[in-house]
Amino acid sequence: MILVTGGAGFIGSNFVLDWLAQSDEAIVNLDKLTYAGNLQSLSSIANDPRHIFIQGDIGDAELVAHILKQHRPRAIVNLAAESHVDRSIHGPEDFIQTNIVGTFRLLESVRAYWNELDAAQRQNFRFLHVSTDEVYGSLAQCEPAFTEQHRYEPNSPYSASKASSDHLVRAYHHTYGLPVVTTNCSNNYGPYQFPEKLIPLMIVNALAGKPLPVYGDGQQIRDWLYVADHCSAIRRVLEAGTTGETYNIGGWNEKPNIEIVQTICALLQETCPGSSFNQLITYVKDRPGHDRRYAIDATKIERELNWRPAETFETGIRKTIDWYLSNQSWVADVQTGACRDWIKKHYA
Ligand code: NAD
Ligand code: TYD
């Protein structure tokens, strides 16, 4: 079996669902269930014996040692993290604790477990660390996209904490020989994303007739990847990635934020003719230290592992909007206390 951390979050729940749809190999899912973790996203596998959910912290060494001893995973996919840039600006502490200290403690527990495996198991074992393109910092319009060689220049507390964790993972390979692989992925979107991130926030606010807050001039550029494509890339790297290597994962979909918001408005207009979602677009104060542009050069993973995204932005965003339209009870359930408090505090 494999151990996934953060498997009740956005990418984690998509990964767990995808994995069990494609394979009979069981998954142990360790998740602290912070505001971003949601077991409802996994309700369709609630009675599936191949999924074992454990609520807990990746930094709880005793718990992690116990899980590793009991379940003896052949691989770990580390998705647990604090993941929202704006929250890291309001309060970086949790980001340092989970993304840096938590990853360090997890690595220590895994190193002890891996050391006790027999030679063949040690060789086949994988620790796959999921990271972000934000560790590379911001690009000017004319600069080429990030390759794996780009220097780390993280600009937010979030990206700095992820960069630190990437360095720790790298060091555990270099120093102890732990068979690690790191992936650096661009912005994901799709089902089960908490409505604090750009795309789900815009869909949910538009449907509620609320303002669509666009930071600054809305010309910041991100590369967007449909979450199922990220899941397939992680599976591929787990299967065939070379240990000690990093792989950039992206969608070849660079778009300015304002274009994303206008596309969402136009697609919602098709489903709800007569409404005028564009009028809800509201330019608001910019995010401090806002990175202007991220872009991923995903040539290496294509060349070495033969992976390419299946979705274009146009197909992925339609699927995403359909999902949010068909799952309004999921949205209503996550828009409880913690979510409302955040929106009030941040957009006041
Ligand atoms: P998310 O915030 O939706 O989910 C994170 C999950 O981790 C939640 O279920 C939460 O409960 C859990 N968690 C948090 N702290 C924990 C801890 N100490 N111990 C155990 N579980 C804990 O995040 P996401 O968007 O699904 O991102 C998953 C990973 O992918 C993160 O490492 C993130 O940095 C990375 N990533 C995300 C994106 C993106 O666009 N969302 C892009 C690139 C990389
Ligand atoms: P986000 O989804 O928070 O991802 P990240 O900051 O990790 O890339 O934001 C994506 C882009 O959208 C980013 O440039 C900030 C912008 N944004 C807004 O303009 N308004 C919003 O309300 C949010 C949440 C984000």
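Predicted model: local features only at pLDDT ≥ 70, side-chain atom pairs only at ≥ 80, totals over all residues.
1. Helix 4 with helix 6. Helix 4 spans residues 93–115, and helix 6 spans residues 157–176. The two pack at about 15°, and their axes are 8 Å apart. An angle under 35 degrees counts as roughly parallel, so helix 4 is roughly parallel to helix 6. The crossing of helix 4 past helix 6 is right-handed.

2. Residues between helices 4 and 6. Helix 4 contributes F95, I96, N99, I100, T103, F104, L107, E108, R111 and W114. From helix 6 come Y158, S161, K162, S164, S165, L168, V169, Y172 and Y176. By class, the contact of helix 4 with helix 6 holds 11 nonpolar, five polar and three charged residues.

3. Ligand 1. There are 28 residues around this ligand. Those that come nearest are I11, D31, S83, Y158 and K162.

4. Polar contacts of ligand 1. Start with K162: a polar atom of its side chain is 2.6 Å from an oxygen atom of ligand 1. I11 uses its backbone, with a polar atom 2.7 Å from an oxygen atom of the ligand. D57 faces a nitrogen atom of ligand 1 instead; a polar atom in the D57 side chain lies 2.9 Å from that nitrogen.

5. Helix 7 with helix 9. Helix 7 covers residues 198–207, and helix 9 covers residues 257–271. Helix 7 and helix 9 pack at about 40°, with 10 Å between their axes. That angle makes helix 7 oblique to helix 9. Their crossing is right-handed.

6. Residues between helices 7 and 9. On helix 7 the contact uses L198, I199, M202, I203, A206 and L207. On helix 9 it uses N257, I260, V261, I264 and L268. The contact of helix 7 with helix 9 divides into 10 nonpolar residues, one polar and no charged.

7. Helix 9 with helix 11. Helix 11 runs over residues 313–326. Helix 9 and helix 11 pack at about 55°, and their axes are 11 Å apart. These two helices are therefore oblique to each other. Helix 9 passes helix 11 in a right-handed crossing.

8. Residues between helices 9 and 11. The helix 9 side consists of I260, T263, I264, L267, L268, E270 and T271. The helix 11 side consists of F313, I317, R318, I321 and L325. By class there are eight nonpolar, two polar and two charged residues in the contact of helix 9 with helix 11. I260, I264 and L268 of helix 9 are listed here and also in the contact with helix 7.

9. Ligand 2. This ligand is surrounded by 18 residues. E134, P213, R287, H290 and Y347 are the closest. In the side chain of Y347, an N or O atom is 2.6 Å from an oxygen atom of ligand 2. A polar side-chain atom of N187 lies 2.9 Å from an oxygen atom of the ligand. L198 makes its approach through the backbone, where an N or O atom is 2.9 Å from an oxygen atom of ligand 2. L198 also belongs to the helix 7 side of the contact with helix 9.

Technical notes. Residues numbered from 1 in each chain as written. Chains lettered and ligands numbered in written order. Heavy atoms only, no water. Axes fitted to C-alpha atoms, helices over the stretch in contact; angles between N-to-C directions. Helix = DSSP H or I, 4+ residues; strand = E, 2+ residues; numbered from the N terminus. Parallel < 35°, antiparallel > 145°, perpendicular 65-115°, else oblique. Left-handed = near helix turned anticlockwise from the far one by under 90°. Contact = heavy atoms within 4.5 Å. Nonpolar A, V, L, I, M, F, W, Y, C, P; charged D, E, K, R; others polar. Near = heavy atom within 4 Å. Polar contact = N/O pair within 3.5 Å; in protein donor to acceptor, adjacent residues only side chain to side chain.
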